[in-house]
Amino acid sequence: YAKTNGVHRVVQYQSKLHDIFVKRIRLENDLQTALENNEFSLYYQPKVNVQSGTVSVEALIRWKHPQLGMVSPAEFIPIAEETNMIERIGKWVLQQSCDDLKTLHKSGFSALKMAVNLSARQFMDSSLKATVSNILTSADVPPSSFVFEITETTIMKEPNEVIRILQALKEQGIMIAIDDFGVSYSSLNYLNRFPIDAVKIDRSFIRDFHENRKGAEIVEAIISLAHRLNLSVTAEGVETEEQVRFLLEKGCDEMQGYYFSRPVPLEQLPNVLMKLQLFARKWR
Ligand code: C2E
Ligand code: MG
Ligand code: MG
Ligand code: MG
């Protein structure tokens with residue numbers, strides 16, 4: 001019995017691996033035509049800044065696959081990175097978010113800021129600066145209304161080259177935030193070496209902090225260290241009122257998460273923004 005069971009499990013395991021492999025090849029293949037077929041869209045998730053009393057947004061890509069339905073960016077962005085597709089997808093995200101920001105600026109949210117996620121490859125691409133300035137100029141949007149979110153692993157690749165790129169972007173007026181801050185081991189080391197503006201504390205720290213005292217200490221320590229280095233702090237993945245109260249008490253500048261709003265399509269954004277602006281001003 002045990003033997004048959006074992007063999008059975010091996011077969012099950014192999015067929016699962018097979019499914020994963022087949023799906024991966026399928027996604028890789030279908031990504032090639034997703035842009036032309038208009039299968040991508042951008043959702044926007046608000047960030048509530050209680051320090052400045054303002055609300056901004058982060059653009060998050062969505063892929064509606066014709067047969068598979070919604071595919072998570074956590075699943076397809078890494079594939080796009082490995083296959084060079086990220087170049088075209090990244091450009092599309094910049095262009096679309098910029099157009100949408102222009103629309104929002106014209107419809108009463110004149111000072112709204114927009115954060116865009118850049119993958120490592122996109123960030124290191126030598127044409128980034130030119131692409132960004134072309135898109136911003138043609139849409140007539142000020143560079144100072146853009147924040148680029150990059151992860152720790154991106155900036156650890158080639159520090160000297162990274163510093164040069166960051167400086168060039170900063171000269172253009174774009175702000176830089178470190179996304180998913182705290183998950184990589186070398187976090188503290190680079191904070192004062194790179195010209196960055198903000199850190200986003202990873203969701204895992206926010207999720208865990210009420211379960212153990214140490215989690216809370218870590219969040220508190222990150223906030224105070226970042227402030228000493230003149231960096232703004234955003235907490236991501238804020239889901240409960242308890243978390244909001246804790247973060248306010250510890251002086252966290254900005255909060256983002258399902259407690260305030262899930263990512264929403266452009267049409268729904270004005271309503272959400274108006275509601276949250278009241279909250280941001282109240283805490284200022
Ligand atoms: P990220 O930039 O760290 O974005 C935060 C992710 O957490 C988003 O997932 C968001 O929907 C989710 N989230 C926000 N608030 C909460 C919350 O309160 N609870 C929980 N459980 N989750 C929350 P999403 O949209 O699936 O994106 C996943 C990742 O994919 C992003 O992580 C980012 O690294 C990447 N990504 C998304 N859009 C783009 C893009 O346009 N370009 C690139 N290069 N990467 C992107
Ligand atoms: Mg992000
Ligand atoms: Mg993040
Ligand atoms: Mg993340």
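**Magnesium sites in the predicted model**

Glu149 is buried, its relative accessible area being 1%. Here buried means under 20% relative accessible area, exposed over 50%, and partly exposed in between (1.4 Å probe, protein chains only). The model is predicted, so that local features need pLDDT of at least 70 and side-chain atom pairs count only at pLDDT 80 or more, whereas totals for chains, interfaces and linings use all residues. Residues are numbered from 1 along each chain as its sequence is written, chains are lettered from A and ligands numbered from 1 in the order in which they are written, and side-chain values use heavy atoms, with hydrogens and water left out.

Donors are N, O and S atoms within 2.8 Å of the metal (3.2 Å for Na, K and Ca); water is not among the atoms, so sites may look incomplete. Glu149 in strand E5 (residues 146-151) and Asp179 in strand E6 are 30 residues apart and link distant parts of the chain. Helices (H or I, at least four residues) and strands (E, at least two) are DSSP runs, numbered from the N terminus.

Asp179, buried at 7% relative accessibility, bridges the magnesium ion (ligand 2) and the magnesium ion (ligand 3), which lie 4.0 Å apart. Glu236 lies in the loop between strand E8 (232-235) and helix H11 (241-249), 57 residues from Asp179. Both Glu236 and Asp179 are buried.
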